Structure formats: structure tokens, C-alpha cells
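Dear colleague,

Please find below the structure that I am handing over to you. My notes on what was found in it follow directly after.

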Amino acid sequence: MPIKQISIFLENKQGRLAEVTRILGDNGLDIRALSLADTADYGVLRLIVNDPDRAKKILTDNGFAVSVNDVIAIEIEDRPGGLAEVLAVLDKKGISIEYMYAFVNSKPNTAMVIFRVEDPESALEILKSEDVKIKSPDEVCNHNKF
């Protein structure tokens, strides 16, 4: 159950982030999660949206460089050590995390973690075998689901 995430390459110049969010909003696309990383010259904006294929087309049509990647979303207990336990499971099985971002969930005492790995199918099987709560695209991308 990988989640589709869009990645947008942005020049580090004033107004580019605002432009992306305006375009998405004007087209009824809802941002469910985001991460922004930057270097001196450019940034990478990673987004989970309610319709990633449509978002990619709209942003590409507006001149942005956009890619779509599979990521995994899990729900963990929001407590000290909750994330460490899940990461230890993946580490023990040789799964390296390329990047991740997390946020406190609207469901009490839980957090949502989104991460990218080289082999999502293997990571999903490992997480399932350890009873980690894997979130579906519908749960992550639609309102009132997480």
C-alpha cells in the first residue's frame, strides 16, 4: 500500500513556495502533509495531496519540475521511543530510510510517519510482520481519515 508523494524542485527564490500552494489550492487540491528541504540554489518540496496524479499534471503545466514517488505511511504511538522501535525493526532487516517526515496525528496519542525506502515492498512486508499499523492511500490522502 505505498502512498504516492509528489516532489517539486523549486528555485530558492521568494514566492516559489507560495506559488505552488496557491496553484494547488486554486485547483481544489488539498495538502495533507509536506516536507521542504533546501540547498543554496534549490529546494525539494515533498507533498502528500488528495489527488497526486492531477497535482503533478497541473504543476507540470505551470512549469514546475515534478516527480511522483512511492512512500510508506505508518501510524505509531506518540510516546518516547515509539519511532525508535519501528526504525529498529527496519534497521535489523537491512532496510535503509532515504528520508522521512512525521507529524502528530489528529487521533489522540498517535503520530503519522511518512518515509521513503529503496524497496518499499520489502519494507511493507517487514512492517506487516511486526504488526506496525500501515496507512492506506485513502486513509492518508482524504480528510477525516487520520
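**Notes on the structure**

Glu75 is buried, with a relative accessibility of 10% (buried means under 20% relative accessible area, exposed over 50%, and partly exposed in between, using a 1.4 Å probe and protein chains only). Please note that this is a predicted model, in which local features need pLDDT of at least 70 and side-chain atom pairs count only at pLDDT 80 or more, while totals for chains, interfaces and linings use all residues. Residues are numbered from 1 along each chain as its sequence is written, and side-chain values use heavy atoms, with hydrogens and water left out.

**Salt bridges**

The side chain of Glu75 forms a salt bridge with that of Lys133, at 3.9 Å from N to O (a salt bridge is a side-chain nitrogen of Lys or Arg within 4 Å of a carboxyl oxygen of Asp or Glu). Glu75 belongs to strand E4 (residues 65–77) and Lys133 to strand E7 (residues 133–134), so this pair ties together parts that are 58 residues apart in sequence. Helices (H or I, at least four residues) and strands (E, at least two) are DSSP runs, numbered from the N terminus. Lys133 counts as partly exposed, at 38% relative accessibility. Through salt bridges that share partners, Glu75, Lys107, Lys133, Lys135 and Glu139 are joined into one network.

Asp26 is exposed, at 57% relative accessibility, whereas Arg22 is partly exposed, at 44%.

In helix H2 (residues 52–61), Lys57 and Asp61 are likewise separated by about one helical turn, because they are four residues apart. Their side chains form a salt bridge of 2.8 Å, N to O. Asp61 has a relative accessibility of 54% and is exposed; Lys57, at 52%, is exposed too.

**Strand E6 and its partners**

Is strand E6 (residues 110–117) largely enclosed or largely open? Seven of its eight residues are buried, so E6 is largely enclosed by the rest of the structure. Strand E4, which contains Glu75, runs antiparallel to E6, and six bridges join the two (two strands pair if DSSP finds at least two bridges between them). Within this pairing, Ile72 has Phe115 in E6 as its bridge partner.

Strand E5 (residues 97–104) also pairs with E6 in the antiparallel sense, over seven bridges. Here Tyr101 has Ile114 in E6 as its bridge partner. E5 and E6 form a hairpin with five residues between them, and Asn109 in the turn has a positive phi of about 60 degrees.

**Ile23 in helix H1**

Helix H1 also contains Ile23. Ile23 has a relative accessible area of 3% and is therefore buried. Which residues does Ile23 contact, leaving aside its neighbours within four places in sequence? They are Ile58, Leu59, Asn62 and Phe64, where contact means heavy atoms within 4.5 Å. Lys93 lies 70 residues from Ile23 along the chain, and their C-alpha atoms are separated by 41 Å.

Yours sincerely
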